Amino acid sequence: MPLGRRWALGLLSGLLAAHTLGAVALAQSFPSRPIKLIVPFPPGGPTDTASRIVGQRLAERLKQPVVVENRAGASGSIAAAAVAKSPADGYTLMMLATPTLLAPHLYKKAGYDIVKDFSPVATVYDLPIVMVVNPTVLPDVNTLAQLIAKAKAQPGQINYTSSGAGSFGHLSMELLKQLGGFDMQHVPYKGGVPAITDLLGGQVPMMYADLVAALPHIRSGKLRAIAVGSPQRVSMLPDVKTVAEQGITGFDAVSWGGLMAPAGTPKEVVNRVADEIKAILAEKETQDKLLQAGTFSRFQGPEQMAQRVQQDDAKWGKVIRDKGIALE
(Lines give C-alpha, C1' and ligand atoms only; values in the text may rest on other atoms or scores of the structure.)
Protein backbone atom coordinates (compact mmCIF):
# COMPACT_ATOMS: atom_id res chain seq x y z
CA MET A 1 0.00 0.00 0.00
CA PRO A 2 1.42 3.42 -0.91
CA LEU A 3 2.67 5.44 2.04
CA GLY A 4 0.26 8.33 1.32
CA ARG A 5 -2.77 6.07 1.32
CA ARG A 6 -1.67 4.37 4.54
CA TRP A 7 -1.23 7.78 6.14
CA ALA A 8 -4.69 8.89 5.01
CA LEU A 9 -6.33 5.70 6.28
CA GLY A 10 -4.50 6.03 9.58
CA LEU A 11 -5.64 9.64 9.94
CA LEU A 12 -9.22 8.67 9.14
CA SER A 13 -9.15 5.82 11.66
CA GLY A 14 -7.76 8.15 14.28
CA LEU A 15 -10.46 10.74 13.64
CA LEU A 16 -13.22 8.11 13.82
CA ALA A 17 -11.79 6.73 17.06
CA ALA A 18 -11.59 10.23 18.54
CA HIS A 19 -15.17 10.95 17.50
CA THR A 20 -16.41 7.69 19.06
CA LEU A 21 -14.51 8.31 22.29
CA GLY A 22 -15.87 11.87 22.38
CA ALA A 23 -19.45 10.65 21.95
CA VAL A 24 -19.00 8.02 24.69
CA ALA A 25 -17.49 10.60 27.04
CA LEU A 26 -20.37 13.00 26.36
CA ALA A 27 -22.93 10.28 27.03
CA GLN A 28 -21.23 9.26 30.27
CA SER A 29 -21.20 12.83 31.60
CA PHE A 30 -24.69 13.67 30.31
CA PRO A 31 -26.37 15.66 31.69
CA SER A 32 -23.98 18.00 33.47
CA ARG A 33 -26.03 21.19 33.05
CA PRO A 34 -29.68 22.27 32.54
CA ILE A 35 -31.61 20.99 29.52
CA LYS A 36 -33.82 23.25 27.41
CA LEU A 37 -37.13 21.78 26.28
CA ILE A 38 -38.62 23.92 23.52
CA VAL A 39 -42.40 23.88 23.09
CA PRO A 40 -43.36 25.31 19.67
CA PHE A 41 -46.81 26.48 20.87
CA PRO A 42 -48.21 28.92 23.45
CA PRO A 43 -48.62 27.96 27.11
CA GLY A 44 -51.74 26.11 28.17
CA GLY A 45 -52.39 23.73 25.28
CA PRO A 46 -51.99 19.94 25.38
CA THR A 47 -48.46 20.03 23.93
CA ASP A 48 -47.32 22.55 26.52
CA THR A 49 -49.04 20.73 29.40
CA ALA A 50 -47.59 17.35 28.38
CA SER A 51 -44.12 18.91 28.06
CA ARG A 52 -44.29 20.33 31.58
CA ILE A 53 -45.56 17.07 33.08
CA VAL A 54 -42.81 15.01 31.44
CA GLY A 55 -40.17 17.73 31.81
CA GLN A 56 -40.64 17.88 35.57
CA ARG A 57 -40.19 14.13 35.96
CA LEU A 58 -37.23 14.12 33.57
CA ALA A 59 -35.53 16.79 35.68
CA GLU A 60 -36.10 14.75 38.83
CA ARG A 61 -34.68 11.59 37.28
CA LEU A 62 -31.69 13.26 35.58
CA LYS A 63 -31.01 15.52 38.58
CA GLN A 64 -30.68 18.53 36.31
CA PRO A 65 -33.21 21.31 35.61
CA VAL A 66 -35.35 20.92 32.49
CA VAL A 67 -36.35 24.42 31.45
CA VAL A 68 -39.53 24.55 29.33
CA GLU A 69 -39.46 27.42 26.85
CA ASN A 70 -42.42 28.37 24.64
CA ARG A 71 -41.63 29.66 21.12
CA ALA A 72 -44.90 29.87 19.24
CA GLY A 73 -45.57 30.80 15.62
CA ALA A 74 -46.23 29.38 12.15
CA SER A 75 -47.46 25.97 13.35
CA GLY A 76 -44.30 25.53 15.37
CA SER A 77 -41.94 26.04 12.45
CA ILE A 78 -40.20 29.04 14.05
CA ALA A 79 -39.15 26.94 17.03
CA ALA A 80 -38.28 23.90 14.92
CA ALA A 81 -36.02 25.90 12.60
CA ALA A 82 -34.13 27.24 15.62
CA VAL A 83 -33.81 23.84 17.31
CA ALA A 84 -32.55 22.27 14.07
CA LYS A 85 -29.58 24.69 14.19
CA SER A 86 -28.84 24.10 17.89
CA PRO A 87 -25.78 22.15 19.08
CA ALA A 88 -26.35 18.40 18.77
CA ASP A 89 -25.41 17.59 22.36
CA GLY A 90 -28.72 16.65 23.99
CA TYR A 91 -29.09 19.91 25.90
CA THR A 92 -31.71 21.29 23.52
CA LEU A 93 -34.82 19.19 22.93
CA MET A 94 -38.15 19.97 21.28
CA MET A 95 -41.59 18.54 21.86
CA LEU A 96 -42.62 17.84 18.30
CA ALA A 97 -46.37 17.93 17.66
CA THR A 98 -48.16 16.97 14.46
CA PRO A 99 -48.66 20.57 13.19
CA THR A 100 -44.88 21.12 13.32
CA LEU A 101 -44.28 17.84 11.52
CA LEU A 102 -46.58 19.04 8.71
CA ALA A 103 -45.45 22.66 8.51
CA PRO A 104 -42.73 22.13 5.85
CA HIS A 105 -45.48 20.94 3.48
CA LEU A 106 -47.66 23.98 4.23
CA TYR A 107 -45.14 26.84 4.37
CA LYS A 108 -42.79 27.64 1.50
CA LYS A 109 -39.97 28.57 3.87
CA ALA A 110 -40.43 26.52 7.03
CA GLY A 111 -36.66 26.44 7.49
CA TYR A 112 -36.16 22.76 8.30
CA ASP A 113 -36.59 19.22 7.02
CA ILE A 114 -38.41 17.12 9.61
CA VAL A 115 -36.65 13.90 8.57
CA LYS A 116 -33.11 15.15 7.92
CA ASP A 117 -32.68 17.85 10.57
CA PHE A 118 -33.72 15.96 13.71
CA SER A 119 -32.94 12.83 15.71
CA PRO A 120 -36.16 11.28 17.08
CA VAL A 121 -35.90 10.48 20.79
CA ALA A 122 -39.27 9.12 21.99
CA THR A 123 -42.98 9.63 21.49
CA VAL A 124 -44.80 10.91 24.57
CA TYR A 125 -48.52 11.17 23.86
CA ASP A 126 -51.35 10.61 21.40
CA LEU A 127 -54.07 13.24 21.00
CA PRO A 128 -57.15 11.64 19.42
CA ILE A 129 -59.48 13.65 17.24
CA VAL A 130 -63.25 13.29 17.18
CA MET A 131 -65.94 14.17 14.67
CA VAL A 132 -68.69 16.14 16.36
CA VAL A 133 -71.99 17.61 15.13
CA ASN A 134 -74.37 20.14 16.60
CA PRO A 135 -77.40 17.96 17.40
CA THR A 136 -79.79 20.88 16.98
CA VAL A 137 -78.56 21.67 13.46
CA LEU A 138 -78.13 18.01 12.41
CA PRO A 139 -80.68 16.16 14.57
CA ASP A 140 -80.81 13.14 12.26
CA VAL A 141 -77.01 12.55 12.15
CA ASN A 142 -75.92 9.99 14.74
CA THR A 143 -73.38 8.02 12.68
CA LEU A 144 -70.73 8.62 10.06
CA ALA A 145 -72.83 6.78 7.47
CA GLN A 146 -75.72 9.18 8.05
CA LEU A 147 -73.42 12.19 7.68
CA ILE A 148 -71.92 10.85 4.44
CA ALA A 149 -75.38 10.09 3.04
CA LYS A 150 -76.50 13.63 3.86
CA ALA A 151 -73.35 15.10 2.28
CA LYS A 152 -73.81 13.02 -0.89
CA ALA A 153 -77.41 14.23 -1.16
CA GLN A 154 -76.22 17.85 -0.93
CA PRO A 155 -72.74 17.92 -2.54
CA GLY A 156 -70.62 20.79 -1.22
CA GLN A 157 -73.55 22.40 0.58
CA ILE A 158 -72.82 21.22 4.13
CA ASN A 159 -70.07 23.09 5.96
CA TYR A 160 -67.54 21.77 8.41
CA THR A 161 -65.07 23.73 10.48
CA SER A 162 -61.61 23.21 11.97
CA SER A 163 -59.10 25.18 14.00
CA GLY A 164 -57.58 26.51 10.76
CA ALA A 165 -56.49 25.86 7.21
CA GLY A 166 -53.86 23.13 7.25
CA SER A 167 -54.80 22.05 10.79
CA PHE A 168 -54.88 18.35 11.57
CA GLY A 169 -58.67 18.42 11.74
CA HIS A 170 -58.79 20.01 8.28
CA LEU A 171 -56.41 17.45 6.75
CA SER A 172 -58.17 14.53 8.43
CA MET A 173 -61.52 15.61 7.03
CA GLU A 174 -60.05 16.10 3.56
CA LEU A 175 -58.63 12.57 3.67
CA LEU A 176 -61.98 11.24 4.86
CA LYS A 177 -63.82 13.03 2.04
CA GLN A 178 -61.42 11.50 -0.46
CA LEU A 179 -61.78 7.97 0.91
CA GLY A 180 -65.54 8.24 1.45
CA GLY A 181 -66.34 9.81 -1.91
CA PHE A 182 -68.30 12.80 -0.61
CA ASP A 183 -67.86 16.57 -0.53
CA MET A 184 -68.27 19.21 2.18
CA GLN A 185 -67.17 22.83 2.40
CA HIS A 186 -64.37 23.77 4.78
CA VAL A 187 -64.86 26.89 6.91
CA PRO A 188 -61.54 27.51 8.69
CA TYR A 189 -61.24 29.43 11.95
CA LYS A 190 -58.19 30.88 13.66
CA GLY A 191 -58.02 28.45 16.54
CA GLY A 192 -60.08 25.69 18.07
CA VAL A 193 -61.89 27.86 20.63
CA PRO A 194 -63.66 30.19 18.15
CA ALA A 195 -64.45 27.21 15.91
CA ILE A 196 -66.13 25.29 18.74
CA THR A 197 -67.90 28.46 19.90
CA ASP A 198 -69.56 28.88 16.52
CA LEU A 199 -70.25 25.15 16.32
CA LEU A 200 -72.09 25.37 19.65
CA GLY A 201 -73.96 28.43 18.37
CA GLY A 202 -75.09 26.62 15.23
CA GLN A 203 -73.22 28.83 12.74
CA VAL A 204 -71.47 25.68 11.48
CA PRO A 205 -72.95 22.17 11.82
CA MET A 206 -69.89 19.97 12.39
CA MET A 207 -66.18 19.83 13.19
CA TYR A 208 -63.25 17.44 13.37
CA ALA A 209 -61.91 18.54 16.77
CA ASP A 210 -59.23 17.67 19.29
CA LEU A 211 -60.84 15.38 21.84
CA VAL A 212 -59.60 17.53 24.73
CA ALA A 213 -61.42 20.59 23.37
CA ALA A 214 -64.68 18.85 22.46
CA LEU A 215 -65.07 16.45 25.40
CA PRO A 216 -66.79 18.81 27.90
CA HIS A 217 -69.41 19.73 25.31
CA ILE A 218 -69.93 16.08 24.33
CA ARG A 219 -70.51 15.20 27.98
CA SER A 220 -72.95 18.09 28.41
CA GLY A 221 -74.94 16.97 25.34
CA LYS A 222 -74.32 20.20 23.43
CA LEU A 223 -72.29 18.29 20.85
CA ARG A 224 -72.74 14.76 19.53
CA ALA A 225 -69.68 12.61 18.81
CA ILE A 226 -70.17 10.38 15.75
CA ALA A 227 -66.66 9.01 15.11
CA VAL A 228 -63.08 9.00 16.39
CA GLY A 229 -60.11 9.04 14.02
CA SER A 230 -57.85 6.67 15.94
CA PRO A 231 -57.49 2.99 14.93
CA GLN A 232 -59.07 1.96 18.25
CA ARG A 233 -61.88 3.46 20.30
CA VAL A 234 -60.83 5.85 23.07
CA SER A 235 -61.49 5.16 26.75
CA MET A 236 -63.15 8.55 27.30
CA LEU A 237 -65.78 7.78 24.64
CA PRO A 238 -66.04 3.98 24.65
CA ASP A 239 -69.38 3.90 22.79
CA VAL A 240 -68.21 6.06 19.87
CA LYS A 241 -67.06 3.94 16.95
CA THR A 242 -63.89 4.61 14.96
CA VAL A 243 -64.04 5.81 11.37
CA ALA A 244 -62.65 2.43 10.27
CA GLU A 245 -65.39 0.59 12.17
CA GLN A 246 -67.94 2.62 10.22
CA GLY A 247 -66.81 1.51 6.80
CA ILE A 248 -63.76 3.63 5.87
CA THR A 249 -61.25 0.79 6.11
CA GLY A 250 -57.72 1.71 7.07
CA PHE A 251 -58.51 5.28 8.09
CA ASP A 252 -56.10 6.39 10.83
CA ALA A 253 -55.77 9.99 11.99
CA VAL A 254 -54.12 10.63 15.35
CA SER A 255 -52.32 13.79 16.36
CA TRP A 256 -49.34 13.08 18.60
CA GLY A 257 -46.24 14.49 20.26
CA GLY A 258 -42.71 13.35 20.99
CA LEU A 259 -39.23 14.55 21.85
CA MET A 260 -36.77 15.44 19.10
CA ALA A 261 -33.12 16.46 19.25
CA PRO A 262 -31.01 18.14 16.56
CA ALA A 263 -29.65 15.71 13.97
CA GLY A 264 -26.29 14.29 14.94
CA THR A 265 -27.00 14.11 18.67
CA PRO A 266 -24.95 11.13 19.96
CA LYS A 267 -26.94 7.90 19.96
CA GLU A 268 -25.88 7.22 23.53
CA VAL A 269 -27.45 10.51 24.67
CA VAL A 270 -30.64 9.90 22.66
CA ASN A 271 -30.98 6.42 24.15
CA ARG A 272 -30.39 7.74 27.69
CA VAL A 273 -33.22 10.26 27.36
CA ALA A 274 -35.46 7.68 25.64
CA ASP A 275 -34.93 5.22 28.51
CA GLU A 276 -35.92 7.89 31.02
CA ILE A 277 -39.04 8.79 29.03
CA LYS A 278 -40.02 5.12 28.88
CA ALA A 279 -39.76 4.85 32.66
CA ILE A 280 -41.67 8.11 33.19
CA LEU A 281 -44.54 7.09 30.91
CA ALA A 282 -44.81 3.74 32.71
CA GLU A 283 -45.74 5.59 35.91
CA LYS A 284 -49.45 5.56 36.70
CA GLU A 285 -49.26 9.10 38.09
CA THR A 286 -47.79 10.42 34.83
CA GLN A 287 -50.40 8.55 32.77
CA ASP A 288 -53.19 10.05 34.89
CA LYS A 289 -51.80 13.58 34.58
CA LEU A 290 -51.51 13.26 30.81
CA LEU A 291 -55.06 11.91 30.66
CA GLN A 292 -56.30 14.92 32.62
CA ALA A 293 -54.64 17.09 29.97
CA GLY A 294 -56.64 15.23 27.31
CA THR A 295 -53.75 13.14 25.99
CA PHE A 296 -52.88 9.45 26.19
CA SER A 297 -49.37 8.40 27.16
CA ARG A 298 -47.68 6.60 24.27
CA PHE A 299 -44.05 5.53 24.31
CA GLN A 300 -42.14 4.63 21.18
CA GLY A 301 -38.35 4.51 21.11
CA PRO A 302 -36.06 6.32 18.65
CA GLU A 303 -36.38 3.82 15.81
CA GLN A 304 -40.17 3.49 16.08
CA MET A 305 -40.58 7.23 16.33
CA ALA A 306 -38.40 7.74 13.26
CA GLN A 307 -40.68 5.38 11.31
CA ARG A 308 -43.75 7.25 12.54
CA VAL A 309 -42.29 10.60 11.52
CA GLN A 310 -41.47 9.31 8.04
CA GLN A 311 -44.87 7.65 7.58
CA ASP A 312 -46.86 10.71 8.72
CA ASP A 313 -44.63 13.03 6.70
CA ALA A 314 -45.35 11.03 3.54
CA LYS A 315 -49.03 10.38 4.25
CA TRP A 316 -50.14 13.89 5.17
CA GLY A 317 -47.73 15.53 2.75
CA LYS A 318 -49.58 13.73 -0.05
CA VAL A 319 -52.96 14.95 1.24
CA ILE A 320 -51.64 18.51 1.34
CA ARG A 321 -50.27 18.29 -2.20
CA ASP A 322 -53.35 16.52 -3.60
CA LYS A 323 -55.65 19.17 -2.14
CA GLY A 324 -53.38 22.12 -3.00
CA ILE A 325 -53.32 23.38 0.60
CA ALA A 326 -50.75 26.11 1.30
CA LEU A 327 -50.17 28.71 4.02
CA GLU A 328 -48.30 32.00 3.80
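**Fold, cores and local geometry of the predicted chain**

Ala-153 is located in helix H5, which spans residues 144-153, and in this predicted model Ala-153 counts as exposed, with a relative accessibility of 61%. Although 29 residues separate Ala-153 from Phe-182 in sequence, the C-alpha atoms of these two residues are 9.2 Å apart in space. Phe-182 is in turn one of the residues in contact with Leu-176, a residue that belongs to the largest nonpolar core and is described with that core below.

At the level of the whole chain, the predicted model contains eleven helices and ten strands. The radius of gyration is 22 Å, which is close to the 20 Å given by the globule rule for 328 residues, so the chain is as compact as a globular protein of that length. When taken along the principal axes, the box filled by the C-alpha atoms has dimensions of roughly 80 × 45 × 35 Å. Of the 328 residues, 50% count as buried, and among the contacts between residues at least 6 apart in sequence, 77% join residues at least 24 apart.

The largest nonpolar core comprises 51 residues, and those with the most contacts inside it are Leu-96, Met-131, Leu-147, Met-173, Leu-176 and Met-184. For Leu-176, when neighbours within four places in sequence are left aside, the contacts are with Met-131, Leu-144, Phe-182, Tyr-208, Val-243, Ile-248 and Phe-251.

Helix packing is illustrated by H6 (residues 168-180) and H11 (residues 302-323), whose axes come within 10 Å and cross at roughly 75°. Because angles of 65 to 115 degrees count as roughly perpendicular, the two helices H6 and H11 are therefore roughly perpendicular to each other. On the H6 side the contact is made by Phe-168, Leu-171, Ser-172, Glu-174, Leu-175 and Gln-178, and on the H11 side by Lys-315, Trp-316, Val-319, Ile-320, Asp-322 and Lys-323. By residue class, the contact of H6 with H11 divides into six nonpolar, two polar and four charged residues.

Ala-209 has its place in strand S7 (residues 206-210) and is buried, with a relative accessible area of 1%. With residues up to four places away in sequence not counted, Ala-209 touches Pro-128, Ile-129, Val-130, Val-132 and Ala-214. Ala-209 and Gly-247, which are 38 residues apart in sequence, are 20 Å apart in space, C-alpha to C-alpha. Thr-286, found in helix H10 (residues 284-292), is likewise buried, with a relative accessible area of 2%, and, its neighbours within four places in sequence being left aside, Thr-286 is in contact with Ile-53, Arg-57, Ile-280 and Leu-281. Ser-77 lies in helix H3 and counts as buried at 4% relative accessibility; under the exclusion of neighbours within four places in sequence, the contacts of Ser-77 are with Thr-100, Ala-103, Ala-110 and Tyr-112.

Backbone geometry in the loops provides a further set of local features. Most residues other than glycine have a negative phi, and most peptide bonds are trans. Against this background, the peptide bond that joins Phe-30 and Pro-31 is cis, with omega about -10°, and Pro-31 is placed in the loop between helix H1 (3-29) and strand S1 (35-39). Lys-63, a residue other than glycine, has a positive phi near 60°; the position of Lys-63 is in the loop between helix H2 (46-62) and strand S2 (66-70), and with a relative accessibility of 69% this lysine counts as exposed. A positive phi, near 55°, is also found at Ala-74, again a residue other than glycine. Ala-74 occupies the loop between S2 and helix H3 (77-84), where Ala-74 is partly exposed, with a relative accessible area of 29%.

Methods: Residues numbered from 1 in each chain as written. Predicted model: local features only at pLDDT ≥ 70, side-chain atom pairs only at ≥ 80, totals over all residues. Heavy atoms only, no water. Axes fitted to C-alpha atoms, helices over the stretch in contact; angles between N-to-C directions. Helix = DSSP H or I, 4+ residues; strand = E, 2+ residues; numbered from the N terminus. Parallel < 35°, antiparallel > 145°, perpendicular 65-115°, else oblique. Contact = heavy atoms within 4.5 Å. Nonpolar A, V, L, I, M, F, W, Y, C, P; charged D, E, K, R; others polar. Core = buried A, V, L, I, M, F, W, Y, C linked by side-chain atoms within 4.5 Å. Buried < 20%, exposed > 50% of the residue type's maximum accessible area, 1.4 Å probe, protein only. Rg over C-alpha atoms; globule rule 2.2 N^0.38 Å.
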